[in-house]
Amino acid sequence: MDTIVVGVDNSEASTRAAEFAVDRAQKNHWKIVLVHVIPWTPFSFQTASENEHRHRERQRELEAATEQVIAPMVEICERGGVPHEEIVRHGKASETLLDISAESGAVHIIVGRTGDSGLRDAVFGSVANRLAQHASVPVTVVP
Amino acid sequence: MGENTMRDSETPQMGSATKTLGIIGAVVAAFYVVIFALSPKPITFPSPVPEFAPDATLFDKVSGWITGLVFYGPSANGEYTIRIVVIWLITAAIFFTIWLGFINVRGFKHAIDLVRGKYSDPNDAGEVSHFQALATAVSGTVGLGNIAGVAIAIAIGGPGATFWMIVAGFLGMSLKAAECMLGVKYRQEHADGTVSGGPMYYLRDAVKDLGKPGLGKGLAAFFAVCMIGGAVGGGNMFQSNQATAQIVSQVGGEESFLGRNTWIMGLLFAAAVGAVIIGGIKSIAKVTEKIVPFMAILYLGACLIVLLGNFGEVPAAFGAILDGAFTGEGAAGGVIGALIVGFQRAAFSNEAGLGSASVAHSAVRTKEPATEGFVASLEPFIDTIVICTMTALTIIITKAYLDPAASELGGVALTSNAFASVLPWFPKVLAVAVVLFAFSTMISWSYYGMKATGYLFGDNPLAENVFKVIFLGFTVLGSIASLGSVIDFSDSMIFMMSIPNLIGLYLLRNVIRREFSHYRARLASGEIKEFADRH
């Protein structure tokens, strides 16, 4: 059974991407790995007291993401009866999605297109763009 | 780690440990012989009994005694004092450099790789990274020492002081590695998921593991008391005092309205620091944390402009540094003066051996405490070898130190003059930099002092809040007057931290060496691997 990676956040587009993925997974007998990336960089500057609380903050962020972002997507997978796995990780969205797809041997990456941050995308490139440019497996961007 | 592996890694070292100790002893003895042989005669041993004015208060007397003892040392040629506490720090730095097999050189590339995240497990993403721990600690140490301290060193010891400052920074790297590794290894995780670390914890717990629980507790408590004193003084009063002086010098001098009412600046500083440490207004701290690296880069940029503008003179400046370091020509006090002043300024600037940075480094979450040791060794490198050397070259190239009034001008003013001779507008920027560096140092030390208070009073929130209020009170006091005995007292408290801390490090030398050599062995065997390069 092949594995596909679906990058999700708590947007409408993510829901559409998950639904699309479940639909294809049913037909192709794919296993879905739901991935949510919490934006984070190891190169930011923090104060000592922020560092002291960082571990607890991280746990909170992971729990909140699992509850608010992943749970609704899991529901979509379960409704469709598709095998699934969930990963929440900190990092840069595009890099982390690529890392995870490589680790899990995914044959396909599916993400939604939010398209709501035109300026930022123009400057930094959107997650979907970066994936399309760097991934070694096909990438589907669900509008 | 199985018991067998421990025994295996320990047994072959026993012989070599004795040999290493012998080598260290010889090197340290040679160091002292050189100091005393090169010293211009006569060396005098002043009386350690301080003299007091008839109207001296009890505080003045207590402070005078403590300062006199901490900063006691024989006087060479009657001009400069070979302070015992500096010798104490440098001896430890030499000891651990040899004891850890020149970890400062051999571990340098690995330290850079760790900071770059090459060995960071992606599954641990979101934790305090090596880079963050280093940046936090560096923002606490980069400050006046880099701007003012270097100028003082060159004014007194001549260009040669720079060479010895670099040597001391280089040796301090090993000391920093040792104390920060222990900070991570013996840190405490509280029930709410926060972490505390630093010398208090390794002195208490690691020394207890050696079978000396009473000694460990005593050293830890002594350390905590000194750290509170150092935080209130050198980490706070001294900073607000110098920052205020800088602002006053740029807005009209001592006769101006602000110059006569420096308490206004003190209140402003206290309000800003209080907003962060009591009000929890993170944004202010966030802004400083972001501005400090920016200012550091701006500062280095300005140094580079001065150096590139006088590029032809750079080799001559290096020549003067090397010349002064070994022949002492042109320096007021000869080789010994350059050496002592250079070593002293390096110790003031990078805090290696004082144990303060260990508190900041211990938040990092790593399975390998040794990694944080490697990373922390970069701190004296950045602080002393890079930033201080740049300052020194700027001062030497612009010949600002040859100004007859150099030693009276004091630190910041001399550096300021050096820049002004090439970039007339820079003193204003420098004043802003000094204020921001002072502010970030105050924030860092308020944290250190709070952790020490927390340690002494069992994380009692009331005690920590009382400490914060007292801390802010001293921020205002620092801006008001020179308060000589208070500043001296707080300075000596900072250096007193090195007494319990280094006793602890010597006691724990085997633990420290085992941790690093075990880690290195696994790194060499490939057991510790790099994670794949990022895209």
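Which residue of chain A forms a salt bridge with B:K451? Hello everyone, let's find out together. This is a predicted model, where local features need pLDDT of at least 70, side-chain atom pairs count only at pLDDT 80 or more, and totals for chains, interfaces and linings use all residues. Residues are numbered from 1 along each chain as its sequence is written, chains are lettered from A and ligands numbered from 1 in the order written, and side-chain values use heavy atoms, with hydrogens and water left out.

The partner is A:E52, with the closest N and O atoms 3.1 Å apart. By salt bridge I mean a side-chain nitrogen of Lys or Arg within 4 Å of a carboxyl oxygen of Asp or Glu.

Let's look at the interface itself. Here 23 residues of chain A are in contact with 31 residues of chain B, contact being heavy atoms within 4.5 Å.

Across this interface there are three salt bridges. Another one joins B:D192 to A:R56, at 3.5 Å from N to O. This pair runs from the loop between β4 and β5 of chain B to helix α2 of chain A; helices (H or I, at least four residues) and strands (E, at least two) are DSSP runs, numbered from the N terminus.

Then B:E127 meets A:R58, their closest N and O atoms being 3.3 Å apart. Both B:E127 and A:R58 are buried; buried means under 20% relative accessible area, exposed over 50%, partly exposed in between (1.4 Å probe, protein chains only).

Finally, A:R58 and B:E127 belong to a salt-bridge network with B:E189 and B:R365.
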